[in-house]
Amino acid sequence: MIRTLTHPAGAFQEVRAMSAGAVLVYGLGIVLFNLLMTVLLAMTSGFTPELLLPVAVSSILVVCLGGFWLHLFVYGLGGRSGVGTTFKVVILGLTPTALLGWIPGVALVGFLWSFVILYFGLQELQEFSKGEAALALVLVFGIPLLVLAVLAVTPGFSVFWLAPGRITWV
């Protein structure tokens, strides 16, 4: 499945026949790798161990919720291969983010390559055209970004999130 990094379309052709369980084990493995590397890196910068469990749980929840969010638009655009197929796309799409996301300054490259892999995955496994795959991704990422942009300019609105060892206010 690491072939996903270098030849996404071909990798998805191979994954088509794989069981959902095998893909799930792979997904848990790359998420755990990312968490381990993130924690090891954060320990050098004052990471508090109390945040380990919330970070692990939220990472898995984000993958699950993100998969369902993507499938909502996949289904709306005519993808009928099933939610399991969408999760195969999501889990393989996570590969660059999970492998590179813990490295400061390189994480953005991993995220952008994940976006490309999601695009190819939707074409291969959901049998989307180039336009449908692009539209699904624009909607999946664009709607939350639009909501955040509107909230950011709303007078009196304040957001905070936990950062390793401190609370950051925006």
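Analyst: Read along the sequence, the protein follows the pattern α-α-α-α-α-α-β-β, and its secondary structure comes to six helices and two strands. Helices (H or I, at least four residues) and strands (E, at least two) are DSSP runs, numbered from the N terminus. This is a predicted model, in which local features need pLDDT of at least 70, side-chain atom pairs count only at pLDDT 80 or more, and totals for chains, interfaces and linings use all residues. Residues are numbered from 1 along each chain as its sequence is written, and side-chain values use heavy atoms, with hydrogens and water left out.

User: Why is glutamate 124 called buried, and why does arginine 16 count as partly exposed?

Analyst: Buried means under 20% relative accessible area, exposed means over 50%, and partly exposed is in between (1.4 Å probe, protein chains only). Glutamate 124 has a relative accessible area of 18%, and is therefore buried, whereas arginine 16, at 39% relative accessibility, counts as partly exposed. For the protein as a whole, 32% of the 170 residues count as buried.

User: How many salt bridges does the structure hold, and which residue forms one with glutamate 127?

Analyst: The structure holds two salt bridges. Arginine 16 forms a salt bridge with glutamate 127, where the closest N and O atoms are 3.8 Å apart. This pair links distant parts of the chain, with arginine 16 in the loop between H1 and H2 and glutamate 127 in the loop between H5 and H6, 111 residues apart. Salt bridges that share partners join Arg16, Glu124 and Glu127 into one network.

User: Is glutamate 127 buried or exposed, and what is its phi?

Analyst: Glutamate 127 has a relative accessible area of 60%, so this residue is exposed. Its place is the loop between H5 and helix H6 (130-152), and glutamate 127 has a positive phi of about 55° although it is not a glycine. Most residues other than glycine have a negative phi.

User: What makes Leu24, Leu28, Leu32 and Ile60 a nonpolar surface patch?

Analyst: Patches are made of residues with over 30% relative accessible area and no salt bridge, where like charges are joined within 9 Å and nonpolar side chains (Val, Leu, Ile, Met, Phe, Trp, Tyr) within 5 Å. Leu24, Leu28, Leu32 and Ile60 make a nonpolar surface patch of about 350 Å², and its largest share, three residues, comes from helix H2 (residues 20-43). Leucine 32, which lies in helix H2, is exposed because its relative accessible area is 52%. Between leucine 32 and serine 59 there are 9.3 Å in space, C-alpha to C-alpha, and the two are 27 residues apart in sequence.

User: What is the volume of the second largest pocket, and how do its lining residues divide?

Analyst: On a 1 Å grid over the protein atoms alone, a pocket is an open set of points with protein on both sides within 12 Å along at least five of seven lines, and lining residues have an atom within 4 Å of a point. The second largest pocket has a volume of about 220 Å³, and of the 14 residues that line this pocket, the closest to its centre are Leu24, Val63, Cys64, Phe87 and Ile91. The elements that give two or more residues to this lining are H2, helix H3 (52-76) and helix H4 (83-100), and the largest share, six residues, comes from H2. The lining residues divide into 11 nonpolar, two polar and one charged, where Ala, Val, Leu, Ile, Met, Phe, Trp, Tyr, Cys and Pro count as nonpolar, Asp, Glu, Lys and Arg as charged, and the others, Gly among them, as polar.

User: Why is leucine 108 called exposed?

Analyst: Leucine 108 is called exposed because its relative accessible area is 57%.

Methods
Accessible areas come from the Shrake-Rupley method with a 1.4 Å probe; for residues, only the protein chains shown count as cover. A salt bridge is a side-chain nitrogen of Lys or Arg within 4 Å of a carboxyl oxygen of Asp or Glu. On a 1 Å grid over the protein atoms alone, a cavity is a set of points where a 1.4 Å probe fits but cannot get out, and a pocket is an open set with protein on both sides within 12 Å along at least five of seven lines; lining residues have an atom within 4 Å of a point. Grid points are joined across faces, edges and corners, and a volume is the space filled by probe spheres set on the points.
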